[in-house]
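Please open the structure in your viewer and keep the selection tool ready. This tour goes stop by stop, saying what to select and what is there.

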Amino acid sequence: MKWASLPVFALVLSLSPCDRAVSQTAPAPRGQIRERVNENVMFLMGGQPGATFNQLANDISTVVTGNDLRVLSVEGGAAVQNVEDVLFLRNIDMALTTQEAMNYLKATGELGPHLEQQLTYIAPLFPNPLQILARGGARSIRDLAGKKVSFNNKGSATAQFVPKLFKDLGVDVQEFFMPQADALEKMRRGEIDATICSCPAPVPAFAGVKPEWGLRFVSVPYEGAIRARYLLGSIGNDDYPTLVPKEEPVDTISASTVLISFNWQKGTVRYQRTAKFVEAFFSKIDDFHKPPRSPLWKSVNVAASIPGWTRFAAAEEWLKNWRAGQIKGDEAEFRRFLSQAAPRATEQTEQLFREFLLWKSKQ
C-alpha cells in the first residue's frame, strides 16, 4: 500500500513551482464572492412590459453598466407605484416616475409627511404627451363621451390623474384599467373604444399598431384648469410613422418623466453607490443619443431643474463642476474673440460676456 502512492507523489514532484502554487490555491469563500457580486449593483424600477418606462430603464442599464457598476432594470412599476417603491421597497435604488406623480403624493401626504425631504431627483428626462388611441372615427377627447376607455394599469400616472382630467373637461366615460397590450387586443375585438398612456412617445405597444386596424390618436384641448397642471404637447409622424400623417401632428397636453432616488445620507454605502451611478450616467449622456437607444434621449436636458424638489446631492455637485468647466471654456473662447475685436472698457467687456452667455444658453 505504501508503494501504491509513489506515482501520485512523483506527479506532484514533476509539477513546476507555478503549477504547484495554482493547484494548492483554494477557491474564494462564498462570502467573498457574495460581497463582490453585490458591492456595486443597483436596481432601477422601470415599468410594465411594453411600456416606455421599461424601454428607457433598459437603455440606462445597458449604457451605464461597466466594470465597477452594474445597473439592473426591474419590471413591474408605474409612476405612482415607483415612488412608493423607492421609499419602501428593499433594494430598489432608483425609479422612473412623473413630475405630476411626485407633486400629487407630496400634496396628499399618502406616503407620509415631508416627502420632499426623503425623495430626490437625479434628472428630469422627457415630456410625456397624453396619448389617446381610439377606434370608431373619434377625433377629439370629447368624442369619447359615454365610451369604454382604458386608463393603463392601476398605479400608473395615467390611471391616477387622467380620469380627473376627463371630468374637468366634462367627458364622462366608462373606466377600465389594464396593460396597453391587453387594451389594444380588446379594442381590436370591439370590447373597448380607447386606451390612454401619459408617457413618453413612442409607446412600444402603440408602435406596433397597423394602419388597417382603424385606430387613430385623438386631440386634447389646452384650456381651463388644465393649463395649471400640464404643458402643451403633440404627437407626430416621427413618433408613429404609420399612425400620424406627415404635417398633421395631433395636438395634446404633456407632463414630464423624472429619474428619482431616495435621499441617502452622505457617507453611507447607498449614497456612494448612487454617486457612482450619477458620474456614469451624466458622463455618458452622449452615448444615449446613438442607436439603438430610444430617440427620446436626444431631447433630454439633465441640467434642468424641478421646482419644489431637491436634486440628489452628488448630481447637483456634478452639474456644478460641469457648469464651472463650461464657463471657463466659454470665457476662454470669448477672450479669443475680444483679442480680435476693438478694445473695450472693463465694464463693457463684463456686460458683453454676460450677454454672450445668455445668447449661448438659448442656442
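Which residues in H6 are buried? Select H6 and look: Glu100, Ala101, Met102 and Leu105 are buried. Buried means under 20% relative accessible area, exposed over 50%, and partly exposed in between, with a 1.4 Å probe and protein chains only. Helices (H or I, at least four residues) and strands (E, at least two) are DSSP runs, numbered from the N terminus. Step past H6 to Gly109, whose phi is positive, near 70 degrees.

Some ground rules. This is a predicted model, in which local features need pLDDT of at least 70 and side-chain atom pairs count only at pLDDT 80 or more, while totals for chains, interfaces and linings use all residues. Residues are numbered from 1 along each chain as its sequence is written, and side-chain values use heavy atoms, with hydrogens and water left out.

**Whole protein**

Zoom out. The protein has 13 helices and ten strands. It has 363 residues, and 41% of them count as buried. Contact means heavy atoms within 4.5 Å. Among contacts between residues at least 6 apart in sequence, 77% join residues at least 24 apart.

**The largest pocket**

H6 gives the largest share, four residues. The space in this pocket is about 360 Å³. Its lining has 15 residues, and Gln99, Glu100, Asn103, Arg229 and Tyr230 are the closest to its centre. Colour the lining by class: six residues are nonpolar, five polar and four charged. Here Ala, Val, Leu, Ile, Met, Phe, Trp, Tyr, Cys and Pro count as nonpolar, Asp, Glu, Lys and Arg as charged, and the others, Gly among them, as polar.

How is such space found? On a 1 Å grid over the protein atoms alone, a cavity is a set of points where a 1.4 Å probe fits but cannot get out; a pocket is an open set with protein on both sides within 12 Å along at least five of seven lines; lining residues have an atom within 4 Å of a point. Grid points are joined across faces, edges and corners, and a volume is the space filled by probe spheres set on the points.

**The cavity**

Next, select Phe53, Ala78, Asn152, Ser156 and Cys199. Among the 17 lining residues of the largest cavity, these lie nearest its centre. The structure holds one cavity of 30 Å³ or more. The largest holds about 150 Å³ of space. Helix H4 (52–64), H8 and strand E7 (194–198) each supply at least two lining residues. The lining has seven nonpolar, ten polar and no charged residues.

**The cores**

Now show Ile122, Ile132, Phe166, Phe277 and Phe281. They touch the most other members of the largest nonpolar core, which has 76 residues. A nonpolar core is a set of buried Ala, Val, Leu, Ile, Met, Phe, Trp, Tyr and Cys residues joined through side-chain atoms within 4.5 Å. Strand E4 (residues 119–134) gives the most to this core, with nine residues. A second, separate core has 20 residues, including Met178, Cys199, Phe217 and Val250.

**Last stop: Val83**

Find Val83 in helix H5 (residues 79–88). Val83 counts as buried because its relative accessibility is 0%. Leaving aside neighbours within four places in sequence, Val83 contacts Thr97, Leu105, Leu111, Leu119 and Ile260.
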